[in-house]
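Trainee: Can we go through this one together? I'd like to start with the ligand and then look at the whole chain.

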Amino acid sequence: MSKQAILKLDEKEFEFPVIEGVEDEKAVDFRTLRSRTGYISYDEGYGNTGSCQSEITFVDGEQGILRYRGVPIEQLAESSDFLETSYMILYGNLPTREKLDQFRARIHDNAAVSPLMSEALKGMPKDSPPMGVLGCLLSAMSCYNPDLATNDRACDLENFDESAAAAIAQTATAAALSYRISIGLAGNQPDPSLSFADNFLHLMFSEEGKPYEPVAEVSRALDLMLLLHADHEQNCSTSTVRMVASGGANLFASVGAGSNALWGPAHGGANMAVIKMLEEIRESGDDGSRFIEQAKSGKSGKRLMGFGHRVYKSFDPRAKIIGKACDDLLNKMGIDDPCLDIARNLEKAALADDYFIARNLYPNVDFYSGIVLRALGIPVDMFTVMFAIGRMPGWVANWREIAMNPKGKINRPRQIYQGPAQRDYVPVEDRT
Ligand code: SDX
């Protein structure tokens with residue numbers, strides 16, 4: 001007999017089954033709550049609510065654990081690469097050599113974007129925010145790839161291998177194309193002889209007669225950044241992808257919505273906000289200690305960006321890995337970035353400060369990622385775009401989980417209405 005939860009309401013007792021996950025996570029199954037009791041549960045921000053049962057990623061916020069399909073992020077960071085990890089996130093297991101080669105080839109074969117996209121981009125204001133452009137381009141991919149975006153579940157699933165490869169590859173191509181057009185340059189064509197990371201840097205920086213020259217530590221650092229962002233269970237943007245997918249929308253429409261959800265400074269926009277915060281501290285001559293006091297006061301409206309997390313109440317394991325990669329990269333490239341020193345000061349001070357300790361505020365994935373991206377030559381206003389390129393496999397895999405569930409229902413939360421009670425219409429001449 002599975003464990004039961006008993007709810008006492010209005011002198012009655014109601015039993016609800018308990019669902020247990022592979023890692024002993026427990027949930028009360030409230031799917032019959034309203035029909036049996038007339039009540040709904042209330043959990044603003046969904047911090048205590050499971051929206052789905054998923055097989056993709058496991059996060060333990062208390063222990064600082066992150067695993068993609070059961071494999072610890074530390075092992076993947078050490079031994080895998082972005083495309084191999086993407087394959088596993090999409091299909092469930094690490095690929096055989098043959099499957100991996102096929103997947104890499106499919107990514108390269110799907111890397112070119114429609115020539116019409118260049119025309120669309122030329123119509124965008126030159127100073128458009130890159131995340132605003134990316135959200136448009138991702139949704140527009142359902143226009144450029146109509147046979148992969150039919151909104152017929154069976155058909156879209158049948159074409160999944162192609163649409164998944166197109167979403168992962170063309171997000172990078174579109175991002176680089178958008179950047180080059182915004183600075184008045186023509187786009188570059190994808191180079192199938194290059195790795196995913198080197199191809200992106202080639203698309204961004206190759207010039208006529210002066211092709212981008214891959215640098216091993218740069219390639220490795222970028223590939224690692226993308227791998228570390230590849231999925232993160234039901235975060236704001238991934239939940240948005242699932243919400244849109246639950247209505248039967250195609251993969252591109254769903255990831256376009258997810259990309260827009262990522263844009264906010266509380267979510268994917270934090271990596272840009274961290275660099276802006278570090279630059280502000282540097283320009284003010286502060287070593288970080290003044291800023292920490294402002295962030296603690298709450299009155300200044302300032303937060304220590306890159307710190308805190310809805311789930312991690314201990315170190316975000318990705319922050320540890322990126323922090324080390326940051327040191328390695330800057331040392332190897334001989335870059336002396338004063339923002340790194342400030343970031344280290346902030347981290348040291350915050351980790352010893354009762355305000356942050358009491359609130360379980362630790363560095364998250366965004367705290368060091370901006371310093372790495374800047375060292376790679378990525379423009380600051382594209383940092384969240386880099387997050388989206390990395391997160392694409394996770395968004396696509398979550399779309400597939402929804403699409404493959406024949407019993408899946410359209411997501412439709414309830415609410416508690418707190419507006420005006422019933423009242424009559426008043427003709428305009430009688431209103432005051
Ligand atoms: C990502 O969900 C995911 O998985 C997301 C992500 C992914 O991979 O998809 O991991 C990526 O989005 C990482 C988070 C990036 N955002 C930031 O770094 C922005 C700065 N951090 C915060 O705004 C905040 O920590 C959140 C939004 C991340 C989490 O907020 P919570 O858990 O809802 O915390 P809260 O806003 O309820 O704050 C609790 C207390 C408050 O103080 P009190 O009212 O109790 O006095 O902690 C304080 C907050 O003021 N607080 C901070 C703080 N974050 C929370 N104080 C100073 N600096 C901060 N960064």
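**The ligand and its surroundings**

Mentor: Keep in mind that this is a predicted model. The shell around the ligand takes at least three residues from each of two domains: domain 2 (70-265 + 380-403) and domain 3 (270-375).

Trainee: How many residues surround the ligand, and which are the closest?

Mentor: The ligand is surrounded by 24 residues. H232, R303, H309, R318 and R391 are the closest of them.

Trainee: And what classes does the shell have?

Mentor: It has 10 nonpolar residues, along with 7 polar and 7 charged ones.

Trainee: Which atom of the ligand does H232 have a polar side-chain atom 2.6 Å from?

Mentor: An oxygen atom. H267 also places a polar side-chain atom by an oxygen atom of the ligand, at 2.9 Å. For Y355, a polar side-chain atom lies 2.9 Å from a ligand nitrogen atom.

Trainee: How much of the ligand's area does the protein bury?

Mentor: The protein buries 74% of the 1,100 Å² that the ligand exposes when taken alone.

Trainee: New topic, the whole protein. How many helices and strands are there?

Mentor: The protein has 19 helices and 6 strands.

Trainee: What does it span along its principal axes?

Mentor: The C-alpha trace spans about 80 × 65 × 55 Å.

Trainee: Last one: what percentage of the residues is buried?

Mentor: Of the 432 residues in the protein, 48% are buried.

Conventions. Residues are numbered from 1 along each chain as its sequence is written. This is a predicted model: local features need pLDDT of at least 70, side-chain atom pairs count only at pLDDT 80 or more; totals for chains, interfaces and linings use all residues. Side-chain values use heavy atoms; hydrogens and water are left out. A residue is near a molecule or strand if one of its heavy atoms lies within 4 Å of it. A polar contact is a pair of N or O atoms within 3.5 Å; within protein, one must be able to donate a hydrogen and the other to accept it, and residues adjacent in sequence count only if both atoms are side-chain atoms. Accessible areas come from the Shrake-Rupley method with a 1.4 Å probe; for residues, only the protein chains shown count as cover. Ala, Val, Leu, Ile, Met, Phe, Trp, Tyr, Cys and Pro count as nonpolar, Asp, Glu, Lys and Arg as charged, and the others, Gly among them, as polar. Domain bounds come from an automatic or database domain assignment. Helices (H or I, at least four residues) and strands (E, at least two) are DSSP runs, numbered from the N terminus. Buried means under 20% relative accessible area, exposed over 50%, partly exposed in between (1.4 Å probe, protein chains only).
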